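Subject: Structure for your review

Dear colleague,

Please find below the structure that I am handing over to you.

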Amino acid sequence: IVERDPATYNAVSAYFLEDVAAVVRCEDDPQKFQIEYKDPHVVKTYISSSRDALLAHVVDACRAINHGNVGVLTRRINRGKRAAPLRVFVSEEIESTLLKCLIEPAKGGGTSVLPYSEIVEFFNANVEYSGLRFTENKEGLFAENREKLIYTAVNALFENFPKGEDPELLVNQFYALRRLCVTRTGFSSVAVVPTLVKAIGAASTRALKLHHTAVSHAVIDFLNVLATPHHDHYEPYHEQINKHRMISNEGFVRHLLQLLRTHIEQDSGALVIQALLDFFVTALCPPFSETTDTETFGFLLAAVVGVVGKTLFYLLQHPCKAIRHSTGLIIRVILEEGGEDQFYQIQRAALTEGGFLRMFNVATFSTDRQLRDLARRLVALFAFDHQMAQDLMRRMLPLTLLHFLQSKDEPPVDEQHEEMQMSVSQVTGAFLEAKKGWNKKRFNPREAALGKASAQEMEHEQVVLRQGGVPGKPT
């Protein structure tokens with residue numbers, strides 16, 4: 001991150017993205033934000049009329065270098081509540097103590113019991129945004145059952161969920177849930193325990209009705225953790241359950257789509273837009289959409305076109321690259337796997353809303369490989385069997401170049417389109433076998449909630465992967 005003098009444009013300071021600890025979206029000023037670095041004396045304060053778009057870009061840049069511990073906060077990190085400097089991870093013992101405090105606040109060790117909201121603050125200050133570091137049980141008869149602690153802590157957070165409408169308390173509570181549910185145990189617990197599902201639905205719906213940007217972002221960021229796994233050794237069946245329960249709720253989906261449309265039309269809430277687009281990408285776009293069942297997939301595709309529709313094209317000119325790319329992925333899947341009416345509706349909107357020209361410019365001149373590949377695919381889909389789009393290309397390009405673009409020769413290896421891949425691995429038989437043994441702690445959240453007999457009846461469930469539609473439009 002390079003900071004420049006606005007008068008002379010000379011560089012004033014420069015910091016590595018990996019040194020960013022958090023970005024702070026100040027609530028007292030709609031244009032003010034802060035970037036907090038890991039060094040305790042470095043906190044930069046800025047003012048921007050496009051604050052949320054800039055913050056979304058900073059977060060995306062950090063994720064691009066695999067720095068996933070950058071969160072969007074409503075106020076600065078309270079370093080006095082952290083047991084180690086921000087450059088140092090806290091120990092396993094500290095994480096264990098914090099989990100126990102969430103479950104039983106009296107175990108904090110002080111002369112008086114802290115308010116639950118302050119315990120949550122201690123937890124968020126010490127546990128990384130990407131989740132707990134120590135999540136698996138260890139060998140030994142007297143080893144701690146860490147997986148059971150995580151499951152019980154998730155339950156405790158819902159039992160002590162704030163009753164009021166204080167935005168800061170709600171944001172902290174959802175960020176604590178995110179840190180727990182990003183783990184394998186937390187993710188699976190939500191899938192197999194019905195009481196957790198009901199609690200998540202009630203808490204999320206109530207929080208979204210506040211129409212508070214910071215709260216909405218925290219809620220949707222938490223739901224994104226449940227929609228697709230962020231940990232290795234995940235079970236596809238649990239992913240499918242979590243996704244189906246959220247997406248099959250028609251009222252909830254339409255509320256999210258209406259929220260997306262409102263922010264697009266008002267040109268506000270870039271952070272919320274980015275989180276919502278991530279949610280719908282995990283539901284609709286490969287490789288994540290394999291665990292979306294066919295019926296739900298069709299309903300969601302129709303809902304996106306019906307509620308958001310042509311306003312998606314406004315986002316293709318957004319200053320944040322992550323928003324432009326996610327929007328392009330959603331438009332592509334509508335064109336490739338949607339019905340005939342949806343295909344022609346988006347095709348017409350590409351011309352009337354300027355999406356065709358924008359993507360043609362990106363496909364021709366962009367230096368970003370990811371965006372360029374996507375734009376080329378979209379231009380081909382926009383022009384397929386569409387006379388007006390083809391006439392427009394004839395006016396823009398020489399005839400010989402058009403003939404060249406229709407060549408059936410294989411493109412160079414370094415220019416071939418690269419599909420997205422899952423960054424985490426599924427559970428394997430070797431992993432499950434390694435957790436068996438007389439001296440190893442085992443924990444099944446389904447057994448804890450339903451009893452051992454019911455858990456054994458349901459342990460052989462199989463996931464049915466949806467086969468993506470083969471694009472019928474040559475590109």
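This is a predicted model: local features need pLDDT of at least 70, side-chain atom pairs count only at pLDDT 80 or more; totals for chains, interfaces and linings use all residues.

Residues are numbered from 1 along each chain as its sequence is written, and side-chain values use heavy atoms, with hydrogens and water left out.

Salt bridges

Side chains of opposite charge can pair when their charged atoms come close. A salt bridge here is a side-chain nitrogen of Lys or Arg within 4 Å of a carboxyl oxygen of Asp or Glu. By this rule, the count is 29 salt bridges.

One of them joins E168 and R75, with N to O at 2.8 Å. This pair links distant parts of the chain, 93 residues apart: E168 is in helix α5 (residues 167-181), and R75 is in the loop between β6 (71-73) and α2 (92-103). Helices (H or I, at least four residues) and strands (E, at least two) are DSSP runs, numbered from the N terminus. E168 has a relative accessible area of 26% and R75 has 43%, so both count as partly exposed; buried means under 20%, exposed over 50%, and partly exposed in between (1.4 Å probe, protein chains only).

A second salt bridge joins R146 and E95 at 3.9 Å, N to O. R146 lies in helix α4 (residues 146-159) and E95 in helix α2, 51 residues apart. R146 is buried, because its relative accessibility is 3%, and E95 is buried at 1%. Both residues belong to a network of salt bridges that links E92, E95, K100, K138, E144 and R146.

R394 and D391 form a further salt bridge, their closest N and O atoms being 2.7 Å apart. Both lie in helix α17 (residues 387-396), three residues apart, about one turn of the helix.

A buried glutamate

E121 lies in helix α3 (residues 116-126) and counts as buried because its relative accessibility is 17%. Leaving aside neighbours within four places in sequence, E121 is in contact (heavy atoms within 4.5 Å) with R75, K81 and N172. R75 is also the partner of E168 in the salt bridge described above.

A partly exposed leucine

L401 is found in helix α18 (residues 399-405). L401 is partly exposed, because its relative accessible area is 34%.

Yours sincerely,
A colleague
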